[in-house]
Amino acid sequence: MTKALALDSYPPAAEEKAWQILEQMPAQDFYLAQNPQGLWQLCREGIKPLHIDFSGAHYRHRGGTEYLPKAFKGMAGGSIIDATAGWGRDAWLLAYRGFRLTLCERNPYLYILLKQAVEQARELPLTAAVAARIEIVHHDSRDFLTASGAQADAIYLDPMYPQRQKSAKVKKDMQILHALLGADAGEQSDNAQLLDSALNSGCPRIVVKRPHSAEHLGGIAPHHSIAAPNTRFDIYLSRI
């Protein structure tokens with residue numbers, strides 16, 4: 001039997017809290033502005049304004065040979081906490097495959113963009129059924145996993161890797177994500193703490209996405225891994 005997360009302690013007021021955090025943040029290069037259609041976009045001088053659109057090609061045109069769903073084999077329709085939501089692409093793929101997703105995002109910019117994208121997708125016939133399987137919470141992932149991790153069937157982590165200097169291989173959206181989240185994004189100590197929170201949460205399965213040749217997160221060997229051409233998925237079982 002799959003589990004259902006109780007999100008009563010994470011109410012819609014979280015969006016108001018996110019806006020309050022943005023108002024209190026020191027002045028920085030990024031800001032949110034509405035386009036002519038009334039959608040919030042992430043803006044910064046020198047880049048094209050960005051918003052998340054789950055009906056776009058980046059989300060819908062995923063091949064049938066994806067490796068990520070294989071990491072959750074045997075838990076069809078199960079509940080997954082995506083504790084590193086980012087742009088929401090992997091979460092959308094998993095929801096498309098029938099899983100129920102709770103996206104946890106601490107950054108207020110990303111939270112607002114993700115929440116807007118899910119609400120918009122629920123209004124479109126093409127995406128409504130998938131979007132109905134996605135919830136968003138604005139919270140520090142480590143605290144959220146401690147409080148709610150045991151309610152999920154699995155936890156998914158795709159921690160940022162320290163940004164490579166002057167590398168043309170780093171996609172532009174990842175460059176923007178690094179810039180948005182700050183210089184500490186991808187710090188191995190923070191990533192190791194996130195894995196530790198997941199392992200101690202009581203959730204039975206934790207899946208960690210890593211570059212193919214990268215060391216194990218926190219130096220902790222997984223129970224097994226699924227190899228993909230450029231990445232791998234390390235699968236851990238709960239310590240509890």
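Begin by selecting Cys104, which is buried at a relative accessible area of 1%; buried means under 20% relative accessible area, exposed over 50% and partly exposed in between, with a 1.4 Å probe and protein chains only. Then select Cys203, also buried, with a relative accessible area of 0%. How many disulfides does the structure hold? The number is 0, where a disulfide is a pair of cysteine sulfur atoms within 2.5 Å.

A note on the model before going on. This is a predicted model, in which local features need pLDDT of at least 70 and side-chain atom pairs count only at pLDDT 80 or more, while totals for chains, interfaces and linings use all residues. Residues are numbered from 1 along each chain as its sequence is written, and side-chain values use heavy atoms, with hydrogens and water left out.

**Whole chain**

Switch to a cartoon of the protein chain, which has 8 helices and 9 strands. These are DSSP runs numbered from the N terminus, with helices (H or I) of at least four residues and strands (E) of at least two. Of the 240 residues in the chain, 47% are buried. Among contacts with a separation of 6 or more, 68% are between residues 24 or more positions apart; contact means heavy atoms within 4.5 Å. Show the surface next: the accessible area is about 12300 Å², and carbon and sulfur atoms own 52% of that, by the Shrake-Rupley method with a 1.4 Å probe.

**Helix α3**

Select residues 89–96, which form helix α3. The helix is largely enclosed by the rest of the structure, because 6 of its 8 residues are buried. Those residues are Asp90, Ala91, Trp92, Leu93, Leu94 and Ala95. Arg89, also in α3, is partly exposed at 25% relative accessibility. Asp90 counts as buried, at 13%. Move on to Gly98, which follows α3 and has a positive phi, near 105°.

**Aromatic rings**

There are 3 aromatic pairs, counted when ring centres of Phe, Tyr or Trp (its six-membered ring) lie within 6.5 Å; planes under 30 degrees apart are stacked, over 60 edge-to-face and the rest tilted.

Select Phe54 and Trp92, a stacked pair with centres 4.5 Å apart and 10° between the planes. Phe54 sits in the loop between β2 (40–43) and α2 (57–60) and Trp92 in helix α3, so the pair ties together parts 38 residues apart in sequence. Both residues are buried.

Next select Phe72 and Tyr156. Their ring centres are 6.3 Å apart and their planes meet at 70°, so this pair is edge-to-face. Phe72 is in the loop between α2 and β3 (79–82) and Tyr156 in strand β6 (residues 154–157), so parts 84 residues apart in sequence are tied together. Phe72 is buried, at 1% relative accessible area, and Tyr156 is buried, also at 1%.

**Last stop**

Finish with Lys70 and Tyr67. Lys70 lies over the face of Tyr67, 4.6 Å from the ring centre; a charge sits over a ring if NZ of Lys or CZ of Arg is within 6 Å of the ring centre and within 35 degrees of the ring normal.
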